[in-house]
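Take a look at the structure before reading on.

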Amino acid sequence: MGAFGINASDAPTFILTGFPGMESMEYWLSFPLFLFYAVSIVGNTLILLIVKAEQSLHQPMYYFLSLLSINDLGVSFSTLPTVLAALYFHARVISFNACLAQMFFIHLFSWTESGILLESFDRYVAICNPLRYATVLTNACIVAMGLCIVLRSFALILVFPLLLHRLPFCHPQNILSHAYCLHVDMIKLACTDVSLNSHYGLSIVLFTFGLDSALIFISYVLILRSVIAIASREERIKTLNTCVSHILAVLIFYVPMVSVSIVHRFGAGLPHAVHILMSILYLFVPPMLNPIIYSIKTKEIRRRLFKMLFRLKS
């Protein structure tokens, strides 16, 4: 394992973990995780089917919602194979390249979700410049925005496996903290200085999430200013209500993300169960809650969902 990378014959393997210290309860503790998976996969698939089938939902807001659902499915499917293997089949050994690939996709979808939440721009145009909504947010504009978000995430995250590939791993057992591979977990197991990896990871977190959250905040400041100018109280409430789903989606993404970052960097003395809980909240809860929130708060999706369910019953 030299400075130019890891040869296939020398590539290390990694050991996935489930719930360390709670092995006797692991089988039962895994049930909530698979409930999260089930709700996420079924819920996001239904959102996609509803938007595709309902002609009236072929609008920018629902295109952004479809992108969010596709991304949430990506998050779920990128962790599902190793979680299933580790918790139910006790197949806990994962090769270096497989771990790199999983780490890449987990972080790719996480970074992409941050960009998709710039759907606040859609709300800003709809509320602040309603007459220009159709001309500003055209299908071509939405495709271009989606491609830019994905390409930005791809370019930033591609550096992770490239940097990891040059690191030596000399421990007899490379034991990960979770049932899936994360960048921060993998660099802890390297037998050399990882300051470059650590600094790069921190810099793109600050750049990506900092920029996206700032743009979302500015969008809502401008939206709030426009809403305050509306004379009717009922109209103000009705206008703000169109933003509730997006605001909740932003909160359930950014709050766990910030919390898990704080725990990883400053929570070395905390019980390992806290690290596991924060990681679960970050990766499992947003994909599960997003379709629930949008189904409850969006009348058109709720109506179409009820129509589909009653059709199945009949």
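Is Ser 76 buried or exposed? Ser 76 is buried, because its relative accessible area is 4% and buried means under 20%. Keep in mind that the model is predicted.

**Ser 76 and its contacts**
- Ser 76 sits in helix H2, which covers residues 60–88.
- Leaving aside residues up to four places away in sequence, Ser 76 touches Tyr 37, Ser 40, Ile 41 and Pro 287.

- Ser 40 belongs to helix H1, residues 26–53.
- Ser 40 also counts as buried, since its relative accessibility is 1% and the cut-off for buried is under 20%.
- With residues up to four places away in sequence again left out, Ser 40 touches Asp 72, Leu 73, Ser 76, Pro 287 and Met 288.

**A positive patch on the surface**
- Five residues form a surface patch of positive charge: Lys 238, Lys 299, Arg 303, Lys 307 and Arg 311.
- Helix H13, residues 299–313, gives the most to this patch, with four residues.
- Lys 307 is one of the patch residues, and Lys 307 is found in helix H13.
- Lys 307 is partly exposed, because its relative accessible area is 42%, and partly exposed lies between under 20% for buried and over 50% for exposed.

Notes: Residues are numbered from 1 along each chain as its sequence is written. This is a predicted model: local features need pLDDT of at least 70, side-chain atom pairs count only at pLDDT 80 or more; totals for chains, interfaces and linings use all residues. Side-chain values use heavy atoms; hydrogens and water are left out. Patches are made of residues with over 30% relative accessible area and no salt bridge: like charges are joined within 9 Å, nonpolar side chains (Val, Leu, Ile, Met, Phe, Trp, Tyr) within 5 Å. Accessible areas come from the Shrake-Rupley method with a 1.4 Å probe; for residues, only the protein chains shown count as cover. A salt bridge is a side-chain nitrogen of Lys or Arg within 4 Å of a carboxyl oxygen of Asp or Glu. Lys and Arg count as positive and Asp and Glu as negative; His and the chain ends are not counted. The place of a charge is taken as NZ of Lys, CZ of Arg, CG of Asp or CD of Glu. Helices (H or I, at least four residues) and strands (E, at least two) are DSSP runs, numbered from the N terminus. Buried means under 20% relative accessible area, exposed over 50%, partly exposed in between (1.4 Å probe, protein chains only). Contact means heavy atoms within 4.5 Å.
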